[in-house]
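Colleague: Could you walk me through this one while I have it open on my screen? I would like to jump between topics as they come up.

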Amino acid sequence: MVERQLPKLHTRVRFPSPAPFLPKSKAFLTQSMTDTKSATPKAGIYDHTEHRIKSFVTRAGRLSDAQARAIDTLGPRFCLPYSKTTLDFDAVFGRHAPTILEIGTGMGETTAHIAQRMPEKNFIGVEVHTPGIGSLLKLIDQQALTNLRLFQHDAFEIITHMVAPDSLAGVHVFFPDPWHKARHNKRRLIQADFVTLLVSRVQAGGIIHCATDWQDYAEQMLAVLSAEPALANTAEDYAMRPDYRPVTKFENRGLRLGHGVWDLVFKKR
């Protein structure tokens with residue numbers, strides 16, 4: 001989903017020390033929220049030694065008091081630290097259950113809704129923007145969700161280093177940044193190499209579900225996913241929106257304005 005530029009944060013937010021999900025969190029938050037034009041890599045979001053095109057940028061955003069409190073109190077329980085070691089899903093959730101990874105949870109409404117509707121499954125959400133992490137932690141608390149954990153880190157690095165092959169029941173990528181200018185298309189998340197990586201982490205029969213409200217991105221997604229030999233489309237081309245994916249306020253507004261929304265649901269052979 002397209003991120004909007006928000007006013008810079010002018011107040012410092014206090015975090016507990018240590019904060020396993022945001023190393024040196026107070027300094028990190030002050031920099032990442034106030035210095036959006038700096039070329040200095042944002043600590044904790046990605047490994048700046050890995051030279052590749054990123055599918056995201058860290059943007060300024062206002063962190064509300066409620067979001068900051070949620071990160072303070074709930075972050076140590078529900079946010080996972082990044083490391084280059086394989087994650088043990090059973091140990092993280094305290095049970096054995098199918099696990100679905102969502103890339104780009106935004107403000108978390110869709111993620112929380114799906115996790116609440118599917119208590120029999122585990123969900124791991126990945127988001128780089130701090131207000132989104134705080135917002136989703138609030139929803140976890142309000143809805144008493146126990147089957148959801150979060151990462152604030154680059155999804156590519158998490159999938160590469162922390163997710164074992166053939167371990168995921170599915171992957172959700174809802175409304176990723178469309179990078180709509182032609183010169184920026186190379187930054188789009190859904191590219192052939194990345195899809196091959198995703199497929200390697202999904203079990204046979206597992207699902208990769210993408211959704212976008214940009215037609216040319218939908219066409220690219222369809223072409224890339226269809227070209228992956230390990231995937232089979234569950235529809236002739238675009239799928240009907242599955243019941244488990246709710247229609248967001250943003251999406252509803254677009255539909256009222258006549259904008260299209262395209263879902264793509266592919267299954268690993």
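Predicted model: local features only at pLDDT ≥ 70, side-chain atom pairs only at ≥ 80, totals over all residues.

Colleague: Let's look at α8, then. Which of its residues are buried?

Modeller: In α8, the buried residues are Tyr 217, Ala 218, Gln 220, Met 221, Leu 222, Val 224 and Leu 225. The helix runs over residues 215-227, and its 13 residues reach 18 Å from the first C-alpha to the last, which is close to the 18 Å expected at 1.5 Å a residue.

Colleague: And what covers that buried side?

Modeller: The cover over the buried residues of α8 includes α7 (192-201), β5 (202-212), β6 (231-233) and β7 (262-268).

Colleague: What is Leu 225 in contact with, leaving aside its neighbours within four places in sequence?

Modeller: With those neighbours left out, Leu 225 is in contact with Val 195, Ile 208, Cys 210, Leu 231, Leu 264 and Phe 266. Val 195 is 30 residues away along the chain, yet the C-alpha atoms of Leu 225 and Val 195 are separated by 7.1 Å.

Colleague: Changing topic: how many cavities of 30 Å³ or more does the structure hold?

Modeller: There is 1 cavity of 30 Å³ or more, and the largest cavity has a volume of about 40 Å³.

Colleague: What lines it?

Modeller: The lining of the largest cavity consists of Ile 100, Glu 102, Thr 111, Ile 114, Phe 123, Ile 124, Gly 125, Leu 148 and His 172. By class that gives 5 nonpolar, 3 polar and 1 charged residues. At least two lining residues each come from β1 (99-103), α4 (109-117) and β2 (122-126), and the largest share, 3 residues, is supplied by β2.

Colleague: Now Gln 67: is it buried or exposed?

Modeller: Gln 67 has a relative accessibility of 9%, and because the cut-off for buried is under 20%, it counts as buried. Gln 67 sits in helix α2 (residues 65-78), and beyond its neighbours within four places in sequence it is in contact with Arg 62, Met 107, Pro 131, Gly 134, Ser 135 and Lys 138. Thr 130 is 63 residues from Gln 67 in sequence, with 8.7 Å between their C-alpha atoms.

Colleague: Last one: which loop holds Asp 166, and what is its phi?

Modeller: Asp 166 is in the loop between α6 (155-162) and β4 (168-174), and it has a positive phi of about 55° although it is not a glycine. Phe 175, in the loop between β4 and α7, likewise has a positive phi of about 55° without being a glycine.

Technical notes
Residues numbered from 1 in each chain as written. Heavy atoms only, no water. 1 Å grid on protein atoms, 1.4 Å probe; cavity = no way out; pocket = protein on both sides within 12 Å on 5 of 7 lines; lining within 4 Å. Points joined across faces, edges and corners; volume = space filled by probe spheres on them. Helix = DSSP H or I, 4+ residues; strand = E, 2+ residues; numbered from the N terminus. Nonpolar A, V, L, I, M, F, W, Y, C, P; charged D, E, K, R; others polar. Expected span 1.5 Å × (residues − 1). Buried < 20%, exposed > 50% of the residue type's maximum accessible area, 1.4 Å probe, protein only. Contact = heavy atoms within 4.5 Å.
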